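Subject: Two-chain model, handed over

Hello,

Here is the structure you asked about. Please open it first, then read my notes below.

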Amino acid sequence: MMGTEVFEAEIALAVNGAERRVPKGWTLADLLASLELDPRVVVVERNGTIVRDRSSFASLALAADDALEIVHFVGGG
Amino acid sequence: MTHLRSFTSWVGADMAHADLLSPMTLIDPQPFVIAGREFRSRLMVGTGKYASNAQMIEAIEASGAEVVTVAVRRVDLDRSKDEAILHHLDPDHFFLLANTAGCYSASEAIRYARLARAAGFNEWVKLEVIGDQQTLLPDTAGLLQATKTLVDEGFKVLAYTNDDLITALKLEEAGAVAVMPLASPIGSGLGMLNPYAIRTIKQRLSVPVIVDAGVGTASDACIVMEQGVDGILMNTGIAAAQDPVRMAAAMKNAVEAGRHAYLAGRMPRREVAVPSSPTKGMLGA
């Protein structure tokens, strides 16, 4: 029963192409914090749409099967 | 009296040239302006391929570049190393120019450009639409298409292209704020393969022409600038040198030397020798 409860309290996402399970009710800000990412230096695309407003990260609830791309600037020419 | 006057005028001329000879006062009569923004250096540099972030920063400082290019990539969630360039590069000190390197279609390049703009620094993009993995030569049809879309969306597009005049003209017409023909393929270090094509593009376009890719050493950079182009963007030529920081400083000097040589106007080429020393006044046999 405990195992079932834990399972139901999680949702599966695709983050940068890999499946990741997070607690139900998490926001985008929660996910970034768990990944130890500074929201100021990343850009997030959710289901093909860029999340433009960083101040919305804390209110953006993640949904099951969301496809997230988290990108940043790296060295390049 | 005649002697005195000529002596005075000689001193006067010497004083005037003393100003010219000082690097601090060797003024470029034309500021380097792209889309209404003036930049302090005609040398733009990439940030890829350095052995360390510390070395990259030191090389960029030595190059004197203001515009530095960056790429957009997925965050490595396993974080084997700190790839985020913004942890090392101060965006208040440098002008970050995001590229769409690695994109093989217009739609992919557009997606990367939009992500780059969402980072919040500027709406500029160094647009690359690559057509071939072996040569990394541009897909000019895709490039033109992506340029049109991004210009419509308010981007300032600096379009990486080949040295074809017609493509360059079309990019300008599509609204690119600068056209960036290659000297030779990306990362090849082969120098400028077609100076005629580069000169022709520069002569025919109104927007700045910035040669991007192929510069391998300081003399390459100097020769490129001697064609009269507005600037150069390079990465591997500095980053892959044995001593990148020293090469960055050499490139800075080469870009300035080439620019001033262009402004000075070179002597005509002759197929015969012309003596530099007087032929009169030779001793009798």
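Let me start with chain A: 42% of its 77 residues are buried, where buried means under 20% relative accessible area, exposed over 50% and partly exposed in between, with a 1.4 Å probe and protein chains only. Bear in mind that this is a predicted model, in which local features need pLDDT of at least 70, side-chain atom pairs count only at pLDDT 80 or more, and totals for chains, interfaces and linings use all residues. Residues are numbered from 1 along each chain as its sequence is written, chains are lettered from A and ligands numbered from 1 in the order in which they are written, and side-chain values use heavy atoms, with hydrogens and water left out.

**Chain A**

Chain A has two helices and five strands. Their order from the N terminus is α-β-β-α-β-β-β. Helices (H or I, at least four residues) and strands (E, at least two) are DSSP runs, numbered from the N terminus. The accessible surface of chain A is about 4100 Å², and carbon and sulfur atoms hold 55% of it. Such areas come from the Shrake-Rupley method with a 1.4 Å probe; for residues, only the protein chains shown count as cover. Of the contacts in chain A with a separation of 6 or more, 50% come from residues 24 or more positions apart. A contact means heavy atoms within 4.5 Å.

Strand β3 of chain A (residues 43-46) runs antiparallel to β5(A), with four bridges between them. Strands count as paired if DSSP finds at least two bridges between them. β3(A) also pairs with β4(A) (residues 49-50), again antiparallel, over two bridges. A:R46 takes part in both pairings: its bridge partner is A:L68 in β5(A) and A:T49 in β4(A). The hairpin of β3(A) and β4(A) has two residues between the strands, and A:N47 there has a positive phi near 50°.

**Chain B**

Chain B has nine helices and ten strands. Its C-alpha trace spans about 85 × 40 × 35 Å along the principal axes. Of its 285 residues, 46% are buried. Chain B exposes about 14800 Å², with 54% supplied by carbon and sulfur atoms. Among its contacts between residues at least 6 apart in sequence, 65% join residues at least 24 apart.

Helix α7 of chain B covers residues 218-226, and its buried residues are B:A218, B:D220, B:A221, B:C222, B:V224 and B:M225. They pack against β9 (210-212), β10 (231-234) and α9 (244-264) of chain B. After α7(B) comes B:G228, with a positive phi near 95°.

**Where the chains meet**

How many residues does each chain give to the contact? Chain B gives 30 and chain A gives 23. The area buried between them is about 2400 Å², 60% of it from carbon and sulfur atoms. Buried area here is the accessible area (1.4 Å probe) that two parts lose on being put together, summed over both. On the chain B side, B:R74, B:V75 and B:L77 lose the most area to chain A, together 26% of what that side buries.

Strand pairing crosses between the chains. β5(A) and β4(B) are antiparallel over five bridges. A:G75 has B:V70 in β4(B) as its bridge partner. B:V70 also stands opposite B:A98 in β5(B). β4(B) and β5(B) (residues 95-99) pair in the parallel sense over four bridges. Six of the eight residues of β4(B) (residues 67-74) are buried, so this strand is largely enclosed by the rest of the structure.

Two residues are worth a look on screen.

- A:H72 lies in strand β5 (residues 67-75) of chain A. Its relative accessibility is 8%, so A:H72 counts as buried. Leaving out residues up to four places away in sequence, A:H72 touches several residues, including A:V41, B:R73, B:R74 and B:E83.
- B:G46 sits in the loop between β3 (43-45) and α2 (53-63) of chain B. Is B:G46 buried or exposed? B:G46 is buried, because its relative accessibility is 0%. Beyond residues up to four places away in sequence, B:G46 touches A:G76, A:G77, B:T69, B:L233, B:M234 and B:N235.

Best wishes
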